[in-house]
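Hello,

Here is the structure you asked about. My notes follow below it.

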Amino acid sequence: MRYKAPLVNFVFHFLGSRIDAEDVVQETFLRVFKNKHLYRNIAKFSTWIYTIAGNLAKTELRRRKRRRVLSLSKMGFEDKEYDIPDFLSSPDQVVDGEMKETKIRNEIQQLPFKFREVVILRDIKDLSYEEISRILKIPIGTVKSRVNRGRLRLQKRLRYLLDQ
Amino acid sequence: MNPCQHFKKHIGKYCEGDLDPLCLKKLEEHLRVCSRCRTLKDNIEQMRICLKQLPDVKVSEGFNLLLRERIRREAIGKSPGTYSTGGRLLIPAMGIALLVLIIGIGVSDQNSSLTSGSLGYRTVAGESEGDFLPFQGKIQYIIEELPSASAVRLERRNDSREPSNSDSMVGSHPPVRVRAIPVSF
């Protein structure tokens with residue numbers, strides 16, 4: 001259970017909802033339990049579990065995307081199913097740390113998935129490039145390049161916050 | 001390549017101190033003269049600090065309980081699957097056991113025919129005692145219903161106790177009487 005909190009946080013950065021993140025992590029542990037016989041000692045257990053959680057988060061995002069397309073077309077005045085980030089707030093309104101944190105989280109979620117996952121793993125979870133490469137099953141060079149591009153994109157989006 | 005483009009390309013490595021000395025020197029020279037790149041570098045460094053300082057979300061208290069419950073349900077749900085895996089092995093095993101039993105009966109019947117022919121009458125029960133004790137009833141029942149030589153002799157012996165015309169039966173096969181003995185396994 002020592003992976004519980006790191007995994008929930010990892011998935012939370014993808015989904016932006018603690019409840020959904022917990023659901024995904026529950027499913028992750030359940031998959032680990034079901035497929036424990038498939039685990040080989042070649043990779044670290046953390047790598048394996050992060051890979052499962054990341055894939056499930058990706059699936060959840062895809063599902064959401066489909067649902068969003070459907071529900072936006074059917075949405076009435078009372079419906080408020082998704083927290084769509086407020087891009088209209090001026091930087092002046094962003095005053096306290098909590099607001100800043102929310103903004104950063106929202107901006108992370110606006111990044112394309114391939115950049116988001118590497119930025120989360122590298123800059124938030126503080127994993128090494130080798131570990132990220134193993135988790136995402138992509139070459140280290142690709143990881144480095146994506147981290148760099150992801151940071152540049154995120155910096156562009158957060159510039160108004162960072163310049164203050 | 002434009003020096004700013006070059007800097008952007010290597011800013012990740014620069015921030016992590018992963019650049020070779022020559023490249024590092026070039027970038028630092030560029031930073032001294034380009035304020036835009038300096039701002040970019042400062043922003044990225046600040047952003048990385050912010051990302052690292054993002055507070056963790058707290059996992060709800062019921063998480064462990066719910067997970068245990070889900071795993072328990074999964075384990076219960078899986079038990080028939082485990083059973084069916086065993087069942088998959090059980091069916092061929094039962095088939096083999098049945099085959100062995102049939103062959104064993106055949107061999108036993110042949111032996112009893114041969115021994116009864118050469119050495120005279122021996123009861124099947126006596127033969128199976130000890131070795132095939134659990135299958136005694138079954139073997140006895142099956143052999144008795146087969147028209148083997150031992151059965152014929154047994155029949156003849158039984159008939160000889162009766163005052164009927166038993167001598168007329170010698171040399172011919174009398175009808176075999178099947179006695180149902182309960183199967184003991």
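Two residues are in contact if their C-beta atoms, placed from the backbone, lie within 7 Å. This is a predicted model: local features need pLDDT of at least 70, side-chain atom pairs count only at pLDDT 80 or more, and totals for chains, interfaces and linings use all residues. Residues are numbered from 1 along each chain as its sequence is written, while chains are lettered from A and ligands numbered from 1 in the order in which they are written.

The interface comes first. The contact takes 27 residues from chain A and 25 residues from chain B. On the chain A side, α1 (4-15), α2 (18-34), α4 (97-110), α5 (113-124) and α7 (140-162) each supply at least two residues. Helices here are DSSP runs (H or I, at least four residues), and strands are runs of E, at least two; both are numbered from the N terminus. α7(A) gives the largest share of that side, 10 residues. By type, the side of chain A that touches chain B has 14 nonpolar, four polar and nine charged residues. Nonpolar means Ala, Val, Leu, Ile, Met, Phe, Trp, Tyr, Cys and Pro; charged means Asp, Glu, Lys and Arg; the others, Gly among them, are polar.

Now chain B. It has seven helices and zero strands. Of its 185 residues, 12% count as buried. Buried means 20 or more other C-beta atoms within 10 Å of the residue's own; exposed means 12 or fewer; partly exposed is in between, with C-beta atoms placed from the backbone. In α2(B), the number buried is one of 13 residues, so this helix lies largely in the open.

Back to chain A, for a helix pair. The axes of α5(A) and α6(A) (residues 129-136) come within 10 Å and cross at roughly 140°. Axes are lines fitted to C-alpha atoms, for helices over the stretch in contact, and angles run from 0 to 180 degrees between N-to-C directions. Glu117(A), Val118(A), Leu121(A) and Arg122(A) in α5(A) meet Ile132(A), Ile135(A) and Leu136(A) in α6(A). That contact divides into five nonpolar, no polar and two charged residues.

Two loop residues need a look. Asp126(A) sits in the loop between α5 and α6 of chain A. Its phi is near 60°, a positive value in a residue other than glycine. Asp126(A) is exposed, with 10 other C-beta atoms within 10 Å. Lys137(A) lies in the loop between α6 and α7 of chain A. Phi of Lys137(A) is also positive, near 60°. Lys137(A) is exposed, with 8 other C-beta atoms within 10 Å.

Best wishes
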